[in-house]
Amino acid sequence: MSRGTRTVIPARTGWSGLLTAGTRFRVIDIDGGQAADLWTFNAERPQEHLSAHHSRVHEGEIYPRVGWTFVTNERRPILRFVEDTSPGRHDCLVAACDRPRYELLGAGSSHGSCEENLLEQAAELGIALDYAPQPVNVFANFRVYPDGRLELEPCVSRPGDAATFELLMDAVVVLSACPQDIVGFQPGGPTDMAVEVLEIAGREAPGN
Ligand SMILES: [Zn+2]
């Protein structure tokens, strides 16, 4: 993949890239109303990865937004949220969809899931992983209300909306265009998403 090139992530599938510290990448909701699950792993030692749990404490907030620094399960900075053209609704509380989720929803065992997409991408990169860590759910409009209720509200991202992140260490980035079509929080989806890996000052973004 050359720098600045837009790569389409077909609906319901995953994407991964091995990117160097300082690289920015942009997650794009092509048609609007669609969420992407995002994971980031230390390239050298993938057992260290972005941890939503630790990041929420680090930021003292529950909704990811521009200015956030995500930290790892070792509390080291791994990713910064640098730009957002969407209405700014993102989540890092709700687990990735997985096979049991769809079985419980009555969709059977063959329904694709974000967890499966992650495990597939990880396997291709030689990362041994048998479960999905808590993802950052880009464009997912999941809300916690004052009485403690958690609601999976419909995505409000518009066609072409983009969220841009900067890596703070060499890392493997995995994205999943969420295949959720039973619970109706993706009014536009499942649809294709896209990722753009941007040039970094003085260096070129690596291919993959
Ligand atoms: Zn999903």
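**Interior and metal site**

Modeller: The structure holds 1 cavity of 30 Å³ or more. A cavity here is a set of points, on a 1 Å grid over the protein atoms alone, where a 1.4 Å probe fits but cannot get out, and lining residues have an atom within 4 Å of a point. Grid points are joined across faces, edges and corners, and a volume is the space filled by probe spheres set on the points.

Colleague: What kind of model is this?

Modeller: This is a predicted model, in which local features need pLDDT of at least 70 and side-chain atom pairs count only at pLDDT 80 or more, while totals for chains, interfaces and linings use all residues. Residues are numbered from 1 along each chain as its sequence is written, and side-chain values use heavy atoms, with hydrogens and water left out.

Colleague: How much space lies in the largest cavity, and which residues line it?

Modeller: The largest cavity contains about 30 Å³ of space. Its lining consists of Leu38, Trp39, Thr40, Phe41, His49, Leu50, Pro133, Gln134 and Pro135.

Colleague: Which residues of the largest nonpolar core touch the most other members?

Modeller: They are Phe25, Val27, Leu38, Phe70, Leu79, Val138 and Phe165, out of 29 residues in that core. A nonpolar core is a set of buried Ala, Val, Leu, Ile, Met, Phe, Trp, Tyr and Cys residues joined through side-chain atoms within 4.5 Å; buried means under 20% relative accessible area, exposed over 50%, and partly exposed in between, with a 1.4 Å probe and protein chains only.

Colleague: Which element gives the most to this core?

Modeller: β11 does, with 4 residues. Helices (H or I, at least four residues) and strands (E, at least two) are DSSP runs, numbered from the N terminus.

Colleague: And what does Leu79 touch?

Modeller: Not counting residues up to four places away in sequence, Leu79 touches, among others, Phe25, Leu38, Trp68, Phe70 and Phe165. Contact means heavy atoms within 4.5 Å. A second, separate core of 19 residues includes Cys97, Cys114, Ala122 and Cys178.

Colleague: Turning to the metal, which residues are the protein donors of the zinc ion?

Modeller: Cys97, Cys114 and Cys178 each donate through SG, at 2.2 to 2.3 Å from the zinc ion. Donors are N, O and S atoms within 2.8 Å of the metal (3.2 Å for Na, K and Ca); water is not among the atoms, so sites may look incomplete.

Colleague: Where do Cys97 and Cys178 lie?

Modeller: Cys97 lies in the loop between β6 and α2 (99–104) and Cys178 in the loop between β11 and β12, so the pair ties together parts that are 81 residues apart in sequence. Both Cys97 and Cys178 are buried.

Colleague: Which residues of helix α3 are buried?

Modeller: In α3 (residues 114–124), Cys114, Glu115, Asn117, Leu118, Gln121 and Ala122 are buried. Seen down the axis of α3, these residues fall within an arc of 160 degrees, so they line one face of the helix; the arc is that of the directions from the helix axis to the C-beta atoms. The face turned away carries the exposed residues Ala123 and Glu124. The cover over the buried residues of α3 includes β2, β4 and β11.

Colleague: Finally, is Cys92 buried or exposed?

Modeller: Cys92 is buried, with a relative accessible area of 1%, and it lies in the loop between β6 and α2. Leaving aside neighbours within four places in sequence, its contacts include Ala52, Arg56, Trp68 and Val136.

How values were computed:
On a 1 Å grid over the protein atoms alone, a cavity is a set of points where a 1.4 Å probe fits but cannot get out, and a pocket is an open set with protein on both sides within 12 Å along at least five of seven lines; lining residues have an atom within 4 Å of a point.
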